[in-house]
Amino acid sequence: MNIFANANSYYDTVFKRRSVRKYSTSKVMTLQDAEAVLELCKEIIPLCPEIKTEFRLMRREELSVKFGHYCILMYSEKKDNCYVNAGYMLEQLELQLEANGIGVCWYGLASPKEKVTEDGLEFMIMLTFGIADGDFLRTNASDFSRKSCEQIWLGEDRYGVSGAVRLAPSACNSQPWMFESSGDIIRVSRKTDVRTIIPRAFRKRFNSIDIGIALCIFEITLLAKRIDFERSVLSESSASDENNLIAIAEYSLKKETKK
Ligand SMILES: Cc1cc2nc3c(=O)[nH]c(=O)nc-3n(C[C@H](O)[C@H](O)[C@H](O)COP(=O)(O)O)c2cc1C
């Protein structure tokens with residue numbers, strides 16, 4: 001399903017979602033249901049359509065993944081913005097699973113034996129998922145441990161979107177994003193000086209994925225609030241500026257569409 005076409009209901013999920021780390025031991029997801037999740041990947045919208053991607057399904061036991069029943073692995077052409085694209089794409093699947101009561105968690109601590117496909121696509125990241133052990137959705141925005149809106153948004157928040165984007169999930173909850181608004185132009189950047197326990201060797205990759213996740217949630221929020229936008233994706237490989245920011249995307253917001 002194109003979650004952007006149904007932004008209102010996924011906007012609601014943004015305020016309730018949670019990474020699930022406890023899965024049912026009495027009821028394991030069937031292979032048929034897991035394959036249906038893989039099917040959903042065909043409808044995910046890319047941020048960068050020119051980057052070739054592929055999704056694969058594996059049993060959790062085939063990987064050194066500590067929880068979940070199955071994993072969706074994402075492979076991609078190794079190009080500029082491939083990590084931001086990966087975050088943007090798999091966040092769509094994450095929200096869809098959560099909205100349908102399926103437990104899911106981003107998983108950066110493991111990788112498959114096959115790191116490159118026969119077609120030369122490289123492993124990016126995976127989601128582990130399955131039947132959760134009990135209810136997992138949050139009931140209150142105060143259940144989230146996150147930076148304040150002021151810490152992640154500079155300038156006027158004309159359309160009241162910072163409260164949603166601050167809730168995006170990120171590796172080790174590092175929240176490496178900065179939104180800067182100037183009139184109706186919003187620049188989204190990756191902070192390179194975040195305090196995090198992510199090992200240095202993984203930081204750039206995981207934090208670029210995090211920005212893709214934040215862009216997905218930003219766009220869901222804009223669409224739910226009926227704000228039109230045009231987006232340009234810049235480069236995840238640029239050097240950071242004097243404020244330790246790498247500009248990843250720029251949005252031009254437009255008049256509100258009629259309800
Ligand atoms: C790229 C990425 C990698 C992650 N890797 C792991 C992981 O290996 N193990 C884990 O338990 N959680 C992992 N997480 C989940 C984060 O820890 C979690 O999203 C964050 O702490 C915020 O909590 P929440 O998702 O419950 O809101 C990862 C998240 C992202 C975005």
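User: How are helix 1 and helix 6 set to each other, roughly parallel or oblique?
Analyst: This is a predicted model. In the model, helix 1 and helix 6 pack at an angle of about 125°, and their axes are 8 Å apart. Helix 1 and helix 6 are therefore oblique to each other.

User: And the crossing of those two, left-handed or right-handed?
Analyst: Helix 1 and helix 6 cross in a left-handed sense.

User: Which residues meet there?
Analyst: On helix 1 they are Ala7, Asn8, Tyr10, Tyr11 and Val14. On helix 6 they are Ile217, Ile220, Thr221, Leu223 and Ala224. By class, the contact of helix 1 with helix 6 has 8 nonpolar and 2 polar residues, with no charged ones.

User: What about helix 1 and helix 3, at what angle do they pack?
Analyst: The angle between helix 1 and helix 3 is about 85°, and the axes are 10 Å apart. That makes helix 1 roughly perpendicular to helix 3.

User: Which residues make that one?
Analyst: Ser9, Tyr10 and Thr13 of helix 1 meet Leu95, Glu98 and Ala99 of helix 3. This contact of helix 1 with helix 3 divides into 3 nonpolar, 2 polar and 1 charged. Tyr10 of helix 1 is in the contact with helix 3, and Tyr10 is also in the contact with helix 6.

User: Now helix 3 against helix 6. How far apart are the axes?
Analyst: The axes of helix 3 (residues 82-99) and helix 6 (residues 200-224) are 6 Å apart, at an angle of about 50°. Helix 3 and helix 6 are therefore oblique to each other. Helix 3 passes helix 6 in a right-handed crossing.

User: Who is involved on each side?
Analyst: Helix 3 puts in Tyr83, Val84, Asn85, Ala86, Gly87, Tyr88, Glu91 and Gln92. Helix 6 answers with Arg205, Ser208, Ile209, Asp210, Ile211, Gly212, Ile213, Leu215, Cys216 and Ile217. The classes in the contact of helix 3 with helix 6 are 10 nonpolar, 5 polar and 3 charged. Ile217 of helix 6 is in this contact, and Ile217 also meets helix 1.

User: Changing topic. How is the chain divided into domains?
Analyst: The protein chain has domain 1 (3-130) and domain 2 (141-256). The C-alpha centres of domain 1 and domain 2 lie 21 Å apart. For the contact, domain 1 gives 24 residues and domain 2 gives 27 residues.

User: OK, the ligand. Which residues come nearest?
Analyst: There are 19 residues around the ligand, and Ser19, Trp106, Gly108, Leu109 and Pro169 come nearest. Strand 3 (103-107) and helix 6 are the elements that give two or more residues to the shell.

User: Which element gives the most to the shell?
Analyst: Helix 6, with 4 residues.

User: How does the shell divide by class?
Analyst: The shell around the ligand has 12 nonpolar, 4 polar and 3 charged residues.

User: And which domains does the shell draw on?
Analyst: The shell around the ligand takes at least three residues from each of domain 1 and domain 2.

Terms used:
Residues are numbered from 1 along each chain as its sequence is written. This is a predicted model: local features need pLDDT of at least 70, side-chain atom pairs count only at pLDDT 80 or more; totals for chains, interfaces and linings use all residues. Axes are lines fitted to C-alpha atoms, for helices over the stretch in contact, and angles run from 0 to 180 degrees between N-to-C directions. Angles under 35 degrees count as roughly parallel, over 145 as roughly antiparallel, 65 to 115 as roughly perpendicular and the rest as oblique. A crossing is left-handed if the near helix is turned anticlockwise from the far one by less than a right angle, and right-handed if clockwise. Two residues are in contact if their C-beta atoms, placed from the backbone, lie within 7 Å. Ala, Val, Leu, Ile, Met, Phe, Trp, Tyr, Cys and Pro count as nonpolar, Asp, Glu, Lys and Arg as charged, and the others, Gly among them, as polar. A residue is near a molecule or strand if its C-beta atom, placed from the backbone, lies within 6 Å of it. Domain bounds come from an automatic or database domain assignment.
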